[in-house]
Amino acid sequence: MVSISANVADSKPGATNGTQQDDRPPGGGAPILQIRGVSCSPQRDAAGTLDLDVRDGEFFCVVGPPRCGKTALMRVLAGLDIPSSGSMLVHGRPAAWGVPALGFTLAENTLFPWLTVRENLSLALSVGRRRHADPWHVDALLGNFGLLEVAKWRPDALPAPTRRMVELCRALVRDPPLVLLDEPFHGLDFEDRNALADELERVWGICRKTFVLFTQNIAVGVRLADRVSIMSGRPARLAVPVAVPLPRPRRNGSPQEQADLMGHLLDIYESGPRDQAA
Amino acid sequence: MNGTVRKLLLGAAGLAGGIVCWALIQRLLAPPPGILPSPWSVVRALGNGFVVADADENWIPLVAGTFGIGLAGWMVGGLAGIAVGALLIACRPVEDLFRPWIALFGGVTGVAASPLVLYWGGFDVGSKLALAAWLTFFPLVRATLAGLRAAPACWHDAMRGFLASGPETFLRLRLPVALPSLCGALRGAWTLALVGVVIAEFLGVPGGLGAQISQHEVAFDLAGAIAGLTVLGVIATAIAGALSWAEREVTTWVGLPQGI
């Protein structure tokens with residue numbers, strides 16, 4: 001497997017590496033994303049309204065069972081679908097539905113196999129209304145992520161966690177205020193999951209962006225997030241977020257603390273957000 | 001010895017074996033003259049320039065007449081098919097309107113309609129070119145329609161995330177994804193275009209290998225006919241091989257595992 005943590009020294013000025021995130025406010029800063037009364041499920045019996053506040057710079061995690069509407073919510077936030085109701089504020093300003101304004105990665109592999117890693121990133125810069133194709137920018141970003149050594153590789157030649165990181169890198173190349181990650185651990189084995197979790201935590205520290213991760217795995221939330229919100233389906237509902245006040249990096253964190261938090265979240269997961277919110 | 005060399009040697013051995021068998025049959029069974037010429041007489045016909053007894057032309061202009069027109073028709077029909085397919089895909093109702101015609105003339109009906117093309121266009125070079133283009137056009141329309149729709153929805157989502165416009169999505173996503181389909185169709189259509197040209201020449205359009213082969217057959221000069229077939233087959237196969245090579249070069253990513 002290609003190491004994607006080899007080039008941290010190339011970090012852009014002001015960036016920190018994955019082990020130095022102490023200047024970031026715990027749990028993030030001011031709200032960067034607010035949604036109110038959003039209903040995005042195509043199924044009538046699963047319809048529910050969702051409210052969510054994500055703070056600037058935090059790593060937020062939405063955890064829910066399969067088919068509870070996580071992906072539907074993610075697609076609405078990404079501007080790929082339009083909800084039946086609700087409003088969204090980004091940096092306090094109303095955002096139009098159906099217009100992609102945030103970065104995102106999908107559960108499927110969306111890297112184009114006929115392009116190299118560098119070309120995949122450059123493509124994201126060279127299309128659209130805001131064109132600013134700058135190879136140096138792409139290479140700087142790849143360098144920060146430790147991906148410069150695979151810049152000429154085709155995606156199919158990369159191991160799965162590296163491919164995921166390239167997708168994240170591509171989502172960041174247009175400098176969005178926030179990145180949505182839909183099931184990034186989907187289909188990975190245990191070892192690859194751990195490798196990807198380490199890299200996500202490290203890169204989040206480097207790029208100083210807000211990450212919102214959608215997953216069905218509570219352990220992922222406890223491993224990576226500042227706050228975790230449990231989502232339930234039929235009707236779709238988001239619980240009051242639970243803070244995860246564990247020190248970073250969390251790879252070698254206290255198993256007991258993580259287990260306690262997971263137990264608490266599991267209670268919410270099983271009893272449902274409605275009871276917890278009450 | 002690597003696989004390619006072994007394949008080439010085995011192919012050459014198979015070819016040589018077939019020619020030896022042919023020579024043995026010709027020698028041992030001694031068929032009446034005009035039924036089965038010997039390999040040497042075919043080689044002699046090739047060496048003499050593949051000429052009919054009273055003709056003064058050799059096979060080089062004949063090759064140009066068949067393959068030049070075939071390639072030109074193939075390119076015209078291919079480009080037209082891709083353009084029409086791309087236009088049809090922009091409007092589903094129009095595509096549905098034309099779908100029966102594409103299905104009807106895309107297969108064997110296209111070949112069977114060859115005499116009609118000659119009837120309408122006359123027995124000249126233009127008709128030959130039109131027939132090659134006609135037989136290339138419909139497979140390319142079908143391949144374009146299928147290829148331009150082949151990109152999975154998540155790739156379109158990614159392009160939407162980059163705020164790509166419709167033309168940008170077409171050029172940067174749909175067209176590359178369609179390339180394998182288009183290359184395969186172009187390779188297949190090359191054979192059809194050549195069949196169209198040879199049929200036109202058999203039916204009476206002068207100035208090509210097909211017409212020359214036909215004249216040899218009429219004159220019971222089977223050595224000349226087989227020499228013509230040999231030239232036709234070798235050059236057609238060489239061009240098909242070049243197309244396959246080009247296809248592999250532009251679609252190196254096809255068939256590789258795409259992962260999760």
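A salt bridge here is a side-chain nitrogen of Lys or Arg within 4 Å of a carboxyl oxygen of Asp or Glu. By that rule there are 18 salt bridges over all chains. The model is a predicted one. Keep the salt-bridge rule in mind, as several stops on this tour use it.

**Stop 1: chain B as a whole**

Along the principal axes, the C-alpha atoms fill a box of roughly 75 × 55 × 25 Å.

Chain B has 260 residues, of which 37% count as buried. Consider the contacts in chain B between residues at least 6 apart in sequence: 74% of them join residues at least 24 apart.

**Stop 2**

Select B:A30. This residue sits in the loop between α1 (3-29) and α2 (39-47) of chain B. B:A30 is not a glycine, yet its phi is positive, at about 45 degrees. Is B:A30 buried or exposed? B:A30 has a relative accessible area of 53%, so it is exposed.

**Stop 3: a pair in helix α4 of chain B**

Move on to helix α4 of chain B, residues 92-106. Show the side chains of B:E95 and B:R99, which meet in a salt bridge at 2.5 Å, N to O. The two are four residues apart in this helix, so about one helical turn separates them. The partners differ in cover. B:E95 is buried, with a relative accessible area of 2%. B:R99, at 39% relative accessibility, counts as partly exposed.

**Stop 4: helix α10 of chain B**

Select residues 209-218 of chain B, which form helix α10. Why is this helix described as largely enclosed by the rest of the structure? Because seven of its ten residues are buried. Color these in your viewer: B:L209, B:G210, B:A211, B:Q212, B:I213, B:S214 and B:H216. Then step just past the end of α10(B) to B:F220, which takes a positive phi of about 55 degrees.

**Stop 5: where the chains meet**

Show chain A and chain B together. The contact takes 30 residues from chain A and 22 residues from chain B. Between them the chains bury about 2,400 Å², 61% of it on carbon and sulfur atoms. Select A:F112, A:W114 and A:D156 next. These three supply 23% of the area that chain A buries against chain B, more than any other three residues.

How many salt bridges are counted between chain A and chain B? The count is one. To find it, select B:D157 and A:R75, whose side chains meet at 2.7 Å, N to O.

Look next at the chain A side. Helices α2 (117-126) and α4 (160-172) of chain A each supply at least two residues of the side that touches chain B. The residues on that side divide into twelve nonpolar, eight polar and ten charged.

**Stop 6: A:R75 again**

Stay on A:R75. Besides B:D157, A:R75 forms a salt bridge with A:D81, the closest N and O atoms being 2.8 Å apart. A:R75 is buried, with a relative accessible area of 19%. A:D81 counts as partly exposed at 29% relative accessibility.

**Stop 7: along helix α4 of chain A**

Select A:R164 and A:E167. They form a salt bridge, with the closest N and O atoms 3.2 Å apart. Being three residues apart in helix α4 of chain A, they are separated by about one helical turn. A:R164 is buried at a relative accessible area of 6%. A:E167 is buried too, at 3% relative accessibility.

Follow the chain to A:D175, in the loop between α4 and β7 (178-182) of chain A. The phi of A:D175 is positive, near 60 degrees, in a residue other than glycine. A:D175 counts as exposed at 52% relative accessibility.

**Stop 8: a network and a cis bond**

Finish by selecting A:D198, A:E201, A:R223, A:D226 and A:R248, which are linked in a network of salt bridges. From A:R248, step to A:P249. A cis peptide bond joins these two, with omega about -5 degrees. A:P249 lies in the loop between β11 (242-243) and α7 (255-271) of chain A.

Definitions and conventions: Residues are numbered from 1 along each chain as its sequence is written. Chains are lettered from A and ligands numbered from 1 in the order in which they are written. This is a predicted model: local features need pLDDT of at least 70, side-chain atom pairs count only at pLDDT 80 or more; totals for chains, interfaces and linings use all residues. Side-chain values use heavy atoms; hydrogens and water are left out. Contact means heavy atoms within 4.5 Å. Buried area is the accessible area (1.4 Å probe) that two parts lose on being put together, summed over both. Ala, Val, Leu, Ile, Met, Phe, Trp, Tyr, Cys and Pro count as nonpolar, Asp, Glu, Lys and Arg as charged, and the others, Gly among them, as polar. Buried means under 20% relative accessible area, exposed over 50%, partly exposed in between (1.4 Å probe, protein chains only).
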